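Please look over the model below, beginning with the fold of one chain and moving from there to its packing and its annotation.

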Amino acid sequence: MSVIYGKVVSLIISERFGPVVEKIVSFLFKCQCSPLLYIKRGTELPLSKIKESLCVLIKYRLVNFKPNKNENLANYSLNVENVLLMLRYPYYLNHAKKLFGDQSEMIIEEVLQKGFCSASELIIKVFDKLCNNEERSLTLSQVKEKLVYLVTAKYLTRVPYAKEDKPVPLLTVDEKELTSLPNIDIKTLVMHRKDNSVELPDKNIYWTVNFDRFHQDMRDKIIVAAFNKKFDENAGEIIKIFLRQMYIRTDPWADVSNPVPALEVKDILRKQISASHSLAFFDQYINIISQETSSLLRKAGEASGGSYQIFLKEAFTQFAWELVEQIVLEKYDSKAARIFRLVKLKPYIEPDQLQQLAMIPAKDAKKLSYQLYEDNFLHIQELRKASANNGPVKNFTLFHIKLESVVRMLLETCYKTLFNTMTRCNHEKLQNKRIIDKKHRIDTILMGMKAQNATEEQMADIEDMITLPEKEILENISRIIKKFNTVELEIDQTIFMLQMFLVYQKVN
Amino acid sequence: MSRGRGGRGGRGGAANKSFTRDQLNDLGVGNKDALPSLVTQPPSLYPPLERKPVPFTPSLETDYMLILRRDFIDHMQLSSSYIKIPFASKSNQPEQEIDKLVAQIHSTKEKYDWNFFPSELRPKLLAKRIKKGRGQKLDVNIQERLNVLEKLEHLKNAVVIKEEAEDELEEEMEAEENEPDEEMDEGTDYANNYFDNGENYEDEDDNLDEGPIY
Amino acid sequence: MDEQTSSQNEDNNETQLIELAKTKPEGISNSDIKEHMPSLPMLELTTIINKLLKNGTLELFKTKDNNLLYKFKDPSKRGNVKGADNEEKIVYKIVEEAGNKGIWIRDIRFKSNLNMTQLNKVVKSLETKKLIKAVKSVSASKKKVYMLFELEPDNSVTGGAWYQDQDFESEFVDVLNQQCHRFLVERLEEATKQGGGPLLVRNRSYASATDVHKFISDLGISKVSLSIADIESILYTVVLDNNAERITNTNGIFLYKATNKFLTVPGLAKTTCGVCLIIDRCANTGLVNPRACPYLTEWLETS
């Protein structure tokens with residue numbers, strides 16, 4: 001893991017947990033795994049703060065621990081991936097909202113904000129929040145229903161727990177426990193809301209967000225969107241059903257799905273009112289999708305109207321290629337992209353042939369291929385060939401591309417982009433700290449005044465303390481921050497795409 | 001990249017790690033007419049950026065996710081999980097009275113289910129807290145202090161109140177500083193020095209009483 | 001009619017002249033010609049002689065008293081030209097073997113084992129004798145290849161339609177690339193509009209190079225006449241740009257179709273860092289850093 005990766009981790013933590021936790025995280029990033037005592041030595045923070053920070057980090061599943069040789073002490077290690085996933089929280093929430101509605105979104109939000117939570121508490125908390133939002137008709141059991149769905153569909157998962165009482169607990173959970181909710185009696189919840197002393201039955205059974213499940217959805221969404229774009233919505237619709245049916249018989253992260261009968265997909269399509277076109281031309285769509293050069297859907301057998309397999313690993317390999325090609329296109333130009341694709345299609349191509357096929361003037365072709373080589377998009381294979389009768393040793397320079405290495409390089413660029421964006425964003429805030437602080441102060445005062453039922457006039461007086469030019473600056477700052485934050489979301493999507501490629505590479 | 005090296009023999013098979021002239025030619029370097037701007041001139045610090053990034057496509061979805069992002073971070077920054085650097089000395093104290101107040105809004109410590117954490121992380125301060133009876137007092141004070149603050153901003157007559165506030169704060173800090181740091185060696189006997197103040201629901205003692213649930 | 005007779009006459013005169021030269025291996029002078037072919041006008045004679053000199057049937061010599069002398073050159077002996085020494089013969093043979101693709105001077109040197117000064121002299125001599133010629137190669141600027149004088153250089157040397165005096169006509173290729181792409185896109189749009197199901201739409205949107213060739217010819221944007229093969233080359237660049245796909249039909253002919261990409265623009269390409277060429281030089285500290293980065297500043301200023 002690179003230095004820049006560590007810095008991004010620090011910045012993410014710093015924004016959400018403050019400087020103390022950041023210091024500990026940055027120490028843990030460097031030493032990988034450390035007992036409490038070393039963290040104290042390494043960070044020179046008061047022990048109470050270190051303990052507090054570690055508790056916070058464990059709570060949010062950002063730090064794991066294992067017993068030391070001395071079983072009373074623990075070794076702490078950073079869960080780096082989960083830190084980066086914090087950038088994806090907005091995506092998970094939006095996804096839950098779109099798929100399952102506001103209540104589910106709020107359940108996920110509550111869990112993300114707390115790290116983990118018991119089902120009863122979760123139901124009560126979300127119910128209370130929604131009641132404040134004046135959703136009068138809502139009942140506790142409605143919220144419970146949503147929660148039950150999220151657990152059965154594996155968007156929420158059981159937090160591992162200690163089966164033995166040990167100083168450093170060993171947290172485990174059985175497969176079948178992951179999705180089995182304890183019985184939650186609504187009456188108890190109602191009573192608990194009135195009287196805190198009423199015990200909740202499941203108070204030490206905790207649930208947390210299953211990122212992996214969200215990632216499956218993200219993956220499927222990318223595939224469907226890709227088919228929408230490549231063919232049309234009807235093709236996307238058909239692929240969507242294929243993917244859904246895939247889950248019935250295939251491990252979600254398999255390279256290739258088990259064969260799905262086309263008729264089964266057709267039957268589902270028949271039940272959808274909107275799908276008249278994709279139904280009418282179902283066979284043709286299957287035909288053109290499976291005949292397309294990328295062939296991500298391939299016929300597996302003829303039985304009962306034919307069955308088809310989805311090649312997921314293949315899909316993300318193609319997507320990775322296209323992503324890299326687009327980066328080359330935007331970073332350099334269309335000529336560079338053409339060279340890149342030519343080398344992809346004809347690995348170990350000679351420079352002369354490259355110029356000729358790409359139809360780029362020799363000089364430009366050389367300049368571009370050199371630049372692509374220098375920036376690690378192209379790789380070189382040297383070939384020495386002695387010509388007949390003691391002529392000179394001829395050197396061939398053959399271009400090729402190691403996709404995985406390019407993907408890793410781009411991933412690193414993503415991290416650097418995140419670092420640069422966050423650093424610059426903090427810098428811009430610091431440049432205008434005085435005004436931002438002033439705004440912050442005034443907002444706090446206004447909050448206090450409002451609580452005191454101050455008059456509109458009094459409030460307006462306070463608000464006027466921000467001058468017009470200051471207002472302009474503040475507006476500009478918030479515009480800038482919005483831009484930077486958008487970069488975070490956008491880059492995260494690129495990171496996801498690149499990581500998907502790597503995930504499927506590792507499977508084998 | 002010396003010119004004149006090729007052509008006249010002397011290109012003995014010494015396999016050096018750098019490229020041969022043939023290869024450099026293939027790459028477009030080594031020839032005197034190739035990319036002078038790249039090789040011969042010292043690059044300016046920031047050469048003009050020829051390519052512009054593709055503009056964002058604004059969407060309601062992105063806007064909504066930005067709000068979600070902001071909400072989450074606001075929540076974190078106001079939560080007890082946002083841990084501030086302890087004010088070691090007066091010089092290190094926050095300049096603005098308001099910062100202290102904001103810092104205290106959520107000063108109630110998080111209640112953990114200790115079954116899920118290494119025991120060495122449990123704080124030992126709670127006992128002392130009860131004696132001092134401070135836990136609740138702080139919460140109550142916030143509203144009061146906000147009022148005070150309003151006056152502060154209006155009248156710019158801070159002296160008296162400020163001192164008062166600082167006194168309180170220092171007391172609070174003393175409490176923090178008093179935490180024993182040497183318990184590393186003490187290992188497991190947390191049971192002796194940890195107990196809940198009883199006013200907050202659920203701690204691990206309850207579990208002990210009830211026995212295992214499963 | 002008139003033209004035909006005159007050209008026949010010319011051929012006739014040419015044969016006569018060659019026959020005359022053959023009878024006099026020591027060479028014929030202008031006065032010899034006048035003597036044997038009195039009816040031939042001076043103007044026509046000049047044309048014929050120039051032609052024969054150019055194609056190497058005759059050689060031109062100057063006598064001591066500054067008279068011009070034409071000698072017949074036996075085609076079978078061209079490798080062993082009179083006056084040619086052994087070195088010239090060897091070099092000639094090497095060049096001959098290279099055919100119309102030519103050969104670099106360096107490669108001649110290695111094959112002939114002559115040293116550079118010697119070789120230069122020999123080559124120059126063969127050039128003045130119009131036995132070989134130097135042609136600038138487009139594949140490497142400033143590199144010349146040698147081939148037999150009468151040969152028409154291969155397209156790989158001249159670059160074919162895309163070269164004007166060894167300069168690659170990049171803009172011309174770009175325009176053709178765009179037009180070919182446009183043609184395929186329009187065909188796809190047309191097919192989509194006609195409808196009739198995805199299979200029909202797909203099949204209707206395929207076009208062969210011949211279809212595209214007709215479209216390009218009708219556009220009249222090309223000064224030179226382009227072959228079908230030229231259009232195939234251009235269409236392949238459209239494929240390389242990921243704007244089209246190419247399949248082979250049952251008759252072995254390439255068919256092209258405009259395609260869409262799978263993905264939208266990746267997030268990374270929407271950031272200055274994603275398109276920054278000096279990102280490797282950028283660090284937290286140092287002169288190139290994100291706080292001072294003018295690219296970011298400029299990007300922030302755009303709304």
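In chain A, among contacts between residues at least 6 apart in sequence, 57% join residues at least 24 apart, where two residues are in contact if their C-beta atoms, placed from the backbone, lie within 7 Å. This is a predicted model, in which local features need pLDDT of at least 70 and side-chain atom pairs count only at pLDDT 80 or more, while totals for chains, interfaces and linings use all residues. Residues are numbered from 1 along each chain as its sequence is written, and chains are lettered from A and ligands numbered from 1 in the order in which they are written.

The secondary structure of chain A comprises 22 helices and 13 strands, taken as DSSP runs numbered from the N terminus (helices H or I, at least four residues; strands E, at least two). Its C-alpha trace spans about 95 × 60 × 60 Å along the principal axes.

Of the 508 residues in chain A, 41% are buried, meaning that 20 or more other C-beta atoms lie within 10 Å of the residue's own, with C-beta atoms placed from the backbone.

Conventions: A residue is buried if 20 or more other C-beta atoms lie within 10 Å of its own, exposed if 12 or fewer, and partly exposed in between; C-beta atoms are placed from the backbone.
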